Amino acid sequence: MAALTAVVHLCKHGDHIICCDDSYGGTQRLLRTIAGPIYNISSSYVDFNNPGTLEKEIQKNPNTTLIMFETPSNPTLKIIDIQNVVTVAKKYNILTSCDNTFSSLNGSQPLSFGVDVVVHAITKYINGHSDVLGGVVLTANPELHGKLRHIQNSIGAVLSPFDSYLALRGVKTLSIRMEKCEKNAMAIATYLENHKKVSKVLYPGLKSHPQHELACKQMKSFGGMISFFVDGDLSDCKSLLSNLKVFALAESLGAVESLIESPALMTHQSVPVERLKEVGVEPNLVRVSVGIEDVEDLINDFDQAFSFVGEKN
Ligand SMILES: *Cc1c(COP(=O)(O)O)cnc(C)c1O
């Protein structure tokens, strides 16, 4: 959030930000409850994959100066066409910021598509050990770099030396951690897709993902996040989650251990139900952050926990 806060400070009083409609909850909270009321920076939220909506949302007064988006999205793993966003933004001379946390540095590199600033929660994959909170802002533009340094220095929301040390330790193993967790994720996504108690799996690496081709075009690998719908209701989800032994029931993501959660009850519980429905977050949706454990342990764990699903007491 410190990194995203620095990016929002690239705007000035009276500016307007366009943000993708299923962005991280904390990003929307920052824009709606801080940037709006305190800095008079307004924001609107649109579906970037709906042709034309992004361009239609661009305003002259207040002046749109920043487009914020993330891909893949959380928790429905929608892919936004980075090239398309950059083309529209450049036409109107608007800055672009891509939150690349979900795909990690390994999965995709939005700077290579011409995005102005890329943000990562290092809390997730970059640190990878669930023991640091922090963020980074990346840019290839020296002028923006200078402005961001000035903002960080002035605001003071920067990483402590010890957290920096921990994150640097973590990043050394990023590529082998990603290799292993992505291999595990592909195996688990395939397993879930073939499971009779799962109605649908969302994973960009699966051919069944509605934007698999776009994912192949702009991602080098597909990350370790999987979402799926249990064939049942919220109580079936609870049965599954409460009987897993290897997966920890927890929010956060991107670390060496596998985590599982219910967006409706946990990470996205503060989002109004109608909004959740609009972006496809149903009560039977489950989100998994795949770790680097032995994949057989993970699949066996699902096997035993699924046996409790549908068993009405
Ligand atoms: C977790 C997360 C953040 C915020 O990270 P913090 O470490 O909680 O500040 C921002 N964006 C995305 C996509 C995230 O998953």
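**Exercises on a sheet, a loop and a ligand shell**

Strand β1 (residues 16-20) and strand β3 (residues 64-70) run parallel and are joined by 4 bridges. Strands (E, at least two residues) and helices (H or I, at least four) are DSSP runs, numbered from the N terminus. This is a predicted model, in which local features need pLDDT of at least 70, side-chain atom pairs count only at pLDDT 80 or more, and totals for chains, interfaces and linings use all residues. Residues are numbered from 1 along each chain as its sequence is written, and side-chain values use heavy atoms, with hydrogens and water left out.

**Exercise 1.** Work out the strand order of the open sheet and name its edge strands.

Solution. 
- Step 1: Two strands pair if DSSP finds at least two bridges between them.
- Step 2: The open sheet has 6 strands in the order β2-β1-β3-β4-β5-β6, and the pairing is mixed.
- Step 3: β2 (42-46) and β6 (135-139) are the edge strands, as each pairs on one side only.
- Step 4: From one strand to the next, the twist averages 20°. Angles run from 0 to 180 degrees between N-to-C directions of axes, which are lines fitted to C-alpha atoms, for helices over the stretch in contact.
- Step 5: Helix α6 (residues 142-155) packs on the sheet and touches β4 (95-99), β5 (117-121) and β6; contact means heavy atoms within 4.5 Å. The direction of α6 makes about 150° with that of β6.

**Exercise 2.** Find the cis peptide bonds at Pro72 and Pro75, and the positive phi at Leu77.

Solution. 
- Step 1: Most residues other than glycine have a negative phi, and most peptide bonds are trans.
- Step 2: Thr71 and Pro72 are joined by a cis peptide bond with omega about -10°.
- Step 3: The bond from Asn74 to Pro75 is also cis, with omega near 5°.
- Step 4: Leu77 has a positive phi, near 55°.
- Step 5: Pro72 sits in the loop between β3 and α4 (82-91).

**Exercise 3.** Which atoms of Met1, Thr123 and Lys124 lie by an oxygen atom of the ligand?

Solution. 
- Step 1: A polar contact is a pair of N or O atoms within 3.5 Å; within protein, one must be able to donate a hydrogen and the other to accept it, and residues adjacent in sequence count only if both atoms are side-chain atoms.
- Step 2: For Met1, a backbone N or O atom is 2.8 Å from a ligand oxygen.
- Step 3: For Thr123, a side-chain N or O atom is 2.5 Å from a ligand oxygen.
- Step 4: For Lys124, a polar side-chain atom is 2.8 Å from a ligand oxygen.
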